Amino acid sequence: MNWVRTSRAVWSATVVLGLLVLAGCGGVPADAPTRTVPAADDAAKGVPPSPAVPPAWPLTGVPSDDVAVRPALAVKIENLPQARPQTGLDSADIVWEEVVEGGITRFVAVFHSKTPETVGPIRSVRPMDPAIVAPLHGILAYTGAQQPFIDAVDAAGVQSIIMDKGDGGFFKQRGKRAPHNIFGTTADFWEQADDDRTSPPPAQFGYTRVAGHGTATTNGAPFALLDVKLSGSSRAQWTWGADENAFLRSEGTTPAVSVDGVRLSAANVVVLSVEMVNTTFKDPAGNPVPETKLVGTGEGLVASGGKQVAVTWSKDAVESPLVLTGPDGAPVLLEQGATWVELVPGGSGSYTVS
């Protein structure tokens with residue numbers, strides 16, 4: 001399937017419709033600059049023209065007149081030390097970090113605005129993944145899983161592309177040891193998308209239309225270090241890089257980089273305190289497979305522009321998008337750019353700013 005790019009007029013209409021839907025949830029950026037689209041009938045009746053919103057990439061909020069009509073592609077990427085440095089994480093629009101069995105973490109990396117040639121190492125799906133990717137109504141590429149986990153992805157309205165079932169796009173990277181050697185080609189994954197995918201994907205967060213006007217940037221408190229303890233064996237640290245105008249990631253205290261040596265960074269870091277429970281399933285080593293509960297509500301923080309603000313998060317259903325609300329009860333706006341989401345178990349994990 002060949003994905004084309006929208007014209008400005010088509011994308012503007014799409015964004016206007018999407019933001020009108022978000023308006024019902026209070027999700028339209030209050031600081032969005034507008035232009036007007038005249039309507040002949042309305043003009044004749046003396047009705048003011050309706051405001052229109054400039055086009056932007058839906059998963060980053062970055063303005064663009066050339067938004068690609070392709071679905072979101074989510075890929076399960078490993079984060080064991082043997083998997084680092086990973087390929088493609090620096091090109092993701094959104095990255096979710098989740099705790100899996102044994103206290104290790106894995107990523108759900110979501111691609112749309114950028115198209116890295118390869119991504120990986122790719123691993124298997126987990127119970128919390130449907131709730132992460134369902135609102136995108138796109139594609140999820142992974143190596144395999146226990147059948148109930150695969151069934152849950154299908155039930156969430158997401159198209160699975162699975163190596164273990166013979167789907168295309170996967171290959172073994174030379175010089176890497178199994179099971180850390182499975183990589184994928186994004187073009188091949190997108191080529192397998194069926195006609196039911198939402199293209200472009202719906203926005204997952206609210207973004208400021210004026211750079212530097214995100215909620216945390218304008219109302220938050222400055223900090224030097226965001227220390228995220230995900231488990232006894234997994235820790236992420238984020239520091240603000242003024243020169244890069246982004247938060248810089250470290251695995252523990254070791255700078256995190258891509259396979260090309262590019263420092264992993266984000267315009268926004270969203271931290272969610274979540275409930276994690278053990279399922280009845282076990283991995284091959286006998287460890288219980290945990291599930292992060294994302295349907296519900298909880299506390300967290302949003303970091304943007306070198307500052308942070310406390311937030312409340314909520315999610316009504318598996319297919320519903322995550323809603324972030326600030327201390328004043330207003331919807332939270334992120335800065336334009338990539339976002340990393342840290343899912344921190346409420347009992348065994350923690351996060352601090354200093």
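Me: What makes Phe107, Trp238 and Trp340 a cluster?

Reply: Phe107, Trp238 and Trp340 are joined by ring pairs. Rings of Phe, Tyr and Trp (for Trp, the six-membered ring) pair if their centres lie within 6.5 Å. The model is predicted: local features need pLDDT of at least 70 and side-chain atom pairs count only at pLDDT 80 or more, while totals for chains, interfaces and linings use all residues. Residues are numbered from 1 along each chain as its sequence is written, and side-chain values use heavy atoms, with hydrogens and water left out.

Me: Why is the pair of Trp238 and Trp340 called edge-to-face?

Reply: The ring centres are 5.4 Å apart and the planes stand at 65°. Planes under 30 degrees apart count as stacked, over 60 as edge-to-face and the rest as tilted. An angle of 65° is over 60, so the pair is edge-to-face. The pair joins distant parts of the chain, with Trp238 in strand β14 (residues 235-241) and Trp340 in strand β24, 102 residues apart. Both Trp238 and Trp340 are buried.

Me: Why does Gln204 count as buried?

Reply: Buried means under 20% relative accessible area, exposed over 50%, and partly exposed in between (1.4 Å probe, protein chains only). Gln204 has 10% relative accessibility and therefore counts as buried. The residue sits in the loop between α5 (186-191) and β11 (206-207); helices (H or I, at least four residues) and strands (E, at least two) are DSSP runs, numbered from the N terminus.

Me: How do you know that Gln204 makes a polar contact with Pro202?

Reply: The side chain of Gln204 reaches the backbone oxygen of Pro202 at 3.0 Å. A polar contact is a pair of N or O atoms within 3.5 Å; within protein, one must be able to donate a hydrogen and the other to accept it, and residues adjacent in sequence count only if both atoms are side-chain atoms. At 3.0 Å the pair lies within 3.5 Å. Leaving aside neighbours within four places in sequence, Gln204 is also in contact (heavy atoms within 4.5 Å) with residues including Pro58, Ile94 and Leu322.

Me: What makes the 40 residues that include Trp96 and Phe205 a nonpolar core?

Reply: A nonpolar core is a set of buried Ala, Val, Leu, Ile, Met, Phe, Trp, Tyr and Cys residues joined through side-chain atoms within 4.5 Å. The largest such core has 40 residues, and those with the most contacts inside it are Trp96, Val110, Phe205, Leu272, Val302 and Leu324. At least two of its residues come from each of β4 (94-99), β5 (105-111), α3 (129-133), β7 (139-142), α4 (147-155), β18 (268-282), β21 and β24 (339-345). Another core, of 36 residues, lies apart from it, with Leu73, Ala141, Phe223 and Val344 among its members. In soluble globular proteins, nonpolar side chains tend to be buried together.

Me: Which residues of α4 are buried, and how do you know that they share a side of α4?

Reply: Phe149, Ile150 and Val153 are the buried residues of α4. The arc (that of the directions from the helix axis to the C-beta atoms) is only 100°, which puts them on the same side of α4. The buried residues of α4 pack against α3, β7, β8 (159-162), β18 and β19 (288-293).

Me: What makes β9 and β10 a pair of strands?

Reply: Two strands pair if DSSP finds at least two bridges between them. β9 and strand β10 (residues 182-185) have three bridges, in the antiparallel sense, and Lys172 has Ile182 in β10 as its bridge partner. They belong to an open sheet of three strands, in the order β6-β10-β9, with antiparallel pairing. β6 (118-119) and β9 (170-172) stand at the edges with a single partner strand each, so one side of each has no neighbour in the sheet.

Me: Why is Phe170 called buried?

Reply: Phe170 has a relative accessible area of 15%, so it falls under 20% and is buried. Phe170 is in strand β9, and its C-alpha atom is separated by 5.7 Å from that of Phe183, 13 residues apart along the chain.
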